[in-house]
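Dear colleague,

I am passing on the structure that we spoke of, and I would be glad if you could read the notes below alongside the coordinates.

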Amino acid sequence: MSAVVYIRLYLTRILILIGMLSVLISWYFVSPEADVIANELQIWNMNIATFTLFVGLLSVYSRYIRSIMNREKYWQYHLYAAILIVVWIIFGLKVGLYSDIYQKAYLCTKITLHIAILGQLVFFMISACYRLFRMRTLRTAIFACCTLLIAICNAPIVSATFPAADKIVFWFLNYPASAGSRALLITGGVGGVVLGIRILLGLEKGALRATEV
Amino acid sequence: MAMRIPELKSQYIWAILLAIFTVAIIHPIEIPIPMSKATLDVYNMIENLPEGSIVAVGGAYVFAFDLESSASMIACLKQMARNHLRVVFVPLSVEAVQMHKYCIDMARVDEKYGGPWKYGRDYVQLPYMPGMDAALVAFLTDVHSAVATDVYGTPLDELPLMRDLHSYKDISLWICIHWAFPMIVRYVTSERGIPSVYFAQAAAYASYAPYMAMYPGKVFMTLGFLGGAQYEKLVGIKGLGYAAMNAYSFLVIAFVIFVILGNITMLTRLGEEEE
């Protein structure tokens, strides 16, 4: 078996298993030795995660530099990002991540823009509601009524006038909305476990590139 | 022939909403903030913590998404500073450091703003710890092994607060202002029994509310900007939560009007289709 096949097939899976055990070991084995091993593995895990930041940086640059050299689509944005990354790294190292000037620069650029993008959703949401909450069928009527009820009852003026409004909101959030969300999460969780097992068994095509060798 | 109401263009709706926002900003109205039991429970729980208790504030997600939680957090920081509690900020995502600094700055609790807290003695900001769950578990198990310095690069042993914090056993409460709350419930509350508070974003509340039922008296949550406005009221300030609910009060009227208008438009067209 060639070294590449060995690494792709076995070594990666062994490393994943060790990583998983690091989380489980101190939970299932009550002994000081197990705790010491688990703690050591957790710190290794942290160090690897730190290292992956540098790997990510190198990957981004190798991709962007290639794109800029070949004048690929959107190369201008890649150039802009490549310059900006260097500027922010130098800036952060020079003044410190917790300095007022770094905070100010970060808030005034990235954060403000990101919040503005999220804020735009209110505009789109209400214009979408104008078109979608038309009660043609029982389903759309229930959907629209529930949404309207929560939106109205959540308004402080309404809940101050009608104290029961607060209870209605929390009932909707704690029971029907919660049940739906949890069902989605549980489904995702079960899917994740199944996917994990399939990956470790090498059944998932392309995962870890194990089936590509 | 029935009157036919034309469809409104999206641009008109956006323009009306923009006008509403502008009015809400220029001319805010006095709105009453009724209290919810969920917010009151969090406030009372923190109020009952003994003086000098160490509270960890941390988690992971993106600043812009977490901003909604800052309304409650800022008010809570003021409460904790007033009650002489001590806080360690534990960032588990890249932007969490900036989020924590934003809350501290806005709460004006540091002595440089005339507040009662002194850095290193009353609060400490740790640097970003990569590794998510692994970093959290390592931190809870042995703080000084998991992280060597604070965000300024000062060794932890040189900070008076950090000399009292060695593992999860020294933490009285964990406050999460980030979306990744399940991670906190799993490792902090479920496995180690530390009570946790989540200043939930409105969109996240329903997903994580079952944790309150699973761990009664251990997991507490507030609801979005409304919870923030309520917390501000309890602490006696008017901040981001109050401003957001002010704008929301205007906006909800527009929301209802547009939904009704949409349905009336549909009804007039239904009549037309039947003819």
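Predicted model: local features only at pLDDT ≥ 70, side-chain atom pairs only at ≥ 80, totals over all residues.

Residues are numbered from 1 along each chain as its sequence is written, chains are lettered from A and ligands numbered from 1 in the order in which they are written, and side-chain values use heavy atoms, with hydrogens and water left out.

On confidence, the model scores ipTM 0.83 and pTM 0.85.

Chain B contains 12 helices and six strands, where helices (H or I, at least four residues) and strands (E, at least two) are DSSP runs numbered from the N terminus. Its C-alpha atoms fill a box of roughly 85 × 40 × 35 Å along the principal axes. Of the 275 residues in chain B, 59% are buried; buried means under 20% relative accessible area, exposed means over 50%, and partly exposed lies in between (1.4 Å probe, protein chains only). Among the contacts in chain B with a separation of 6 or more, 73% are between residues 24 or more positions apart, a contact meaning heavy atoms within 4.5 Å.

Two residues illustrate the surroundings inside this chain. B:Thr39 is found in helix H2 (residues 37-47) of chain B and is buried, with a relative accessible area of 1%. Not counting residues up to four places away in sequence, B:Thr39 touches B:Thr222, B:Gly227, B:Gln230, B:Tyr231 and B:Leu234. B:Ser172, by contrast, sits in strand S4 (residues 171-176) of chain B and counts as partly exposed, at 26% relative accessibility. Leaving aside neighbours within four places in sequence, B:Ser172 is in contact with B:Leu49, B:Ser53, B:Ile54, B:Ile194 and B:Pro195.

A search of the whole structure finds 15 salt bridges over all chains, a salt bridge being a side-chain nitrogen of Lys or Arg within 4 Å of a carboxyl oxygen of Asp or Glu. In one of them B:Glu30 pairs with B:Lys238, the closest N and O atoms being 3.0 Å apart. B:Glu30 lies in the loop between helix H1 (10-26) and H2 of chain B, and B:Lys238 in the loop between helix H11 (224-235) and H12, so the pair ties together parts that are 208 residues apart in sequence. Both B:Glu30 and B:Lys238 are exposed.

Another salt bridge joins B:Asp41 and B:Lys37, with the closest N and O atoms 2.8 Å apart; because these two are four residues apart in helix H2 of chain B, they are separated by about one helical turn. B:Asp41 is partly exposed, at 27% relative accessibility, whereas B:Lys37 is exposed, at 62%. B:Arg121 forms a salt bridge with B:Asp122, at 2.7 Å between the closest N and O atoms; B:Arg121 is partly exposed, with a relative accessible area of 39%, and B:Asp122 is buried, at 12%.

Turning to the interface, the contact takes 71 residues from chain B and 56 residues from chain A. The area buried between the two chains is about 5600 Å², of which carbon and sulfur atoms give 70%; buried area is the accessible area (1.4 Å probe) that two parts lose on being put together, summed over both. In chain B, the residues that lose the most area to chain A are B:Gln98, B:Lys101 and B:Phe255, together 12% of what that side buries.

Five salt bridges are found across this interface. In one of them the side chains of A:Asp100 and B:Lys112 meet at 3.3 Å, N to O, and A:Asp100, B:Lys101, B:Asp105 and B:Lys112 are linked in a network of salt bridges. Helix H12 (residues 240-274) of chain B gives the most to the side of chain B that touches chain A, with 14 residues.

With best wishes
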